[in-house]
Amino acid sequence: MTAEKQPKPFSDQLEGWLKGKQPKTLASLEEVFEDRSFAITFLLLMILPATPLPTGGITHIFELIVILLCLEMMAGRQSPWLPKKWKHMPLGKTFTGKVIPTIMKWIRWFERHSSPRGKKFFTLPFAPQLLGFVILVFTLGALLAPPFSGLDTLPSLAVVIIGLSIILEDLILFFVGLVAGVAGIALTFALGTAIFESYHHFFSG
């Protein structure tokens with residue numbers, strides 16, 4: 001009796017896609033990862049907002065795309081729909097040469113410390129709608145954070161972690177992302193309230 005062949009780790013599959021000859025686009029990612037294409041797209045598009053680096057506003061475009069995909073996920077689509085121009089747009093040398101190799105190091109760390117805990121949750125009929133809604137809320141939190149404040153980092157990181165939890169089917173990792181996202185939005189709200197009260201006190205005084 002032959003042993004069942006274990007699937008390749010996600011990081012190895014991503015590395016294989018990166019080293020392959022196919023165009024480095026969202027469309028080619030979808031072809032490789034199929035049922036996980038929503039999660040990998042969330043992870044890749046939100047990794048830049050999750051870094052505390054100036055990005056010149058390009059992250060808002062990524063966040064708007066993620067919001068569109070969240071709505072599709074909540075509507076029950078099995079794979080992402082995007083305009084052909086967006087799907088076939090090259091991800092660029094920065095993504096393929098720096099961002100994705102850095103992501104793979106993080107993914108490999110999570111793969112070593114993660115396991116399919118609570119795997120059944122991700123197969124429940126309502127799971128895509130719930131996950132899409134949670135990611136939508138955190139992405140909106142990142143999008144609406146005050147510019148140049150760095151407050152979009154934590155909600156964006158939450159989306160990255162939740163995307164990884166879907167890929168690795170790890171419910172504990174999902175809760176880690178949930179806590180990070182709630183903390184990020186709470187911090188944004190608290191700071192925004194404090195700024196508003198300061199201005200109100202200054203002008204009313």
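I take buried as under 20% relative accessible area, exposed as over 50%, and partly exposed as in between. By that rule glutamate 15, at 23%, is partly exposed. I note at the outset that the model is predicted.

**Overall layout**

I looked up the secondary structure and found nine helices and zero strands in the protein chain. I read the elements from the N terminus as α-α-α-α-α-α-α-α-α. Of the 205 residues in the chain, 42% are buried. I also checked contacts between residues at least 6 apart in sequence: 72% of them join residues at least 24 apart. The chain exposes about 12000 Å², and carbon and sulfur atoms supply 68% of that area.

**Core**

I went to the largest nonpolar core, which has 53 residues; Leu14, Leu29 and Phe42 have the most contacts inside it. Helices α1 (10–19), α2 (26–33), α3 (37–46), α4 (58–74), α6, α7, α8 (153–168) and α9 (171–204) each supply at least two of its residues. The largest share, nine residues, comes from α8. I recall that in soluble globular proteins nonpolar side chains tend to be buried together.

I listed the neighbours of phenylalanine 42, leaving aside residues up to four places away in sequence: Val66, Leu69, Cys70, Met73, Ile135 and Val159.

**Threonine 41**

I placed threonine 41 in helix α3. Its relative accessible area is 6%, so threonine 41 is buried. The side chain of threonine 41 reaches the backbone oxygen of serine 37 at 2.6 Å. Beyond four places in sequence, threonine 41 touches Leu26 and Leu69.

**Leucine 168**

I found leucine 168 in helix α8. Leucine 168 counts as buried because its relative accessibility is 15%, and the cut-off is under 20%. Not counting residues up to four places away, leucine 168 touches Phe110, Glu111, Ser114, Ser115, Pro116 and Leu173.

**Salt bridges**

I counted seven salt bridges in the structure. In one of them the side chains of arginine 108 and aspartate 12 meet at 3.5 Å, N to O. Arginine 108 lies in helix α6 and aspartate 12 in helix α1, so this pair ties together parts that are 96 residues apart in sequence. Both ends are partly exposed, arginine 108 at 26% and aspartate 12 at 34%.

I looked next at lysine 19 and glutamate 15, whose side chains meet in a salt bridge at 3.2 Å, N to O. Both lie in helix α1, four residues apart, about one turn of the helix. Lysine 19 counts as exposed at 65% relative accessibility, while glutamate 15 is partly exposed at 23%.

The next pair I examined was aspartate 170 and arginine 117, with the closest N and O atoms 2.5 Å apart. Aspartate 170 lies in the loop between α8 and α9 and arginine 117 in the loop between α6 and α7, so the bridge ties together parts that are 53 residues apart in sequence. Aspartate 170 is buried at 0% relative accessible area, whereas arginine 117 is partly exposed at 34%. I also noted that salt bridges with shared partners join Asp12, Glu15, Lys19 and Arg108 into one network.

**Surface patch**

Last, I checked a nonpolar patch on the surface: Leu124, Phe126 and Leu130 form it, with about 240 Å² of accessible area together. Leucine 124 lies in the loop between α6 (93–113) and α7 (127–143). Leucine 124 is partly exposed, its relative accessible area being 32%.

Methods. Residues numbered from 1 in each chain as written. Predicted model: local features only at pLDDT ≥ 70, side-chain atom pairs only at ≥ 80, totals over all residues. Heavy atoms only, no water. Patch = residues over 30% accessible without salt bridge, like charges linked within 9 Å, V, L, I, M, F, W, Y side chains within 5 Å. Areas by Shrake-Rupley, 256 points an atom, 1.4 Å probe, with all protein chains shown as cover. Salt bridge = Lys/Arg side-chain N within 4 Å of Asp/Glu carboxyl O. Buried < 20%, exposed > 50% of the residue type's maximum accessible area, 1.4 Å probe, protein only. Contact = heavy atoms within 4.5 Å. Core = buried A, V, L, I, M, F, W, Y, C linked by side-chain atoms within 4.5 Å. Polar contact = N/O pair within 3.5 Å; in protein donor to acceptor, adjacent residues only side chain to side chain.
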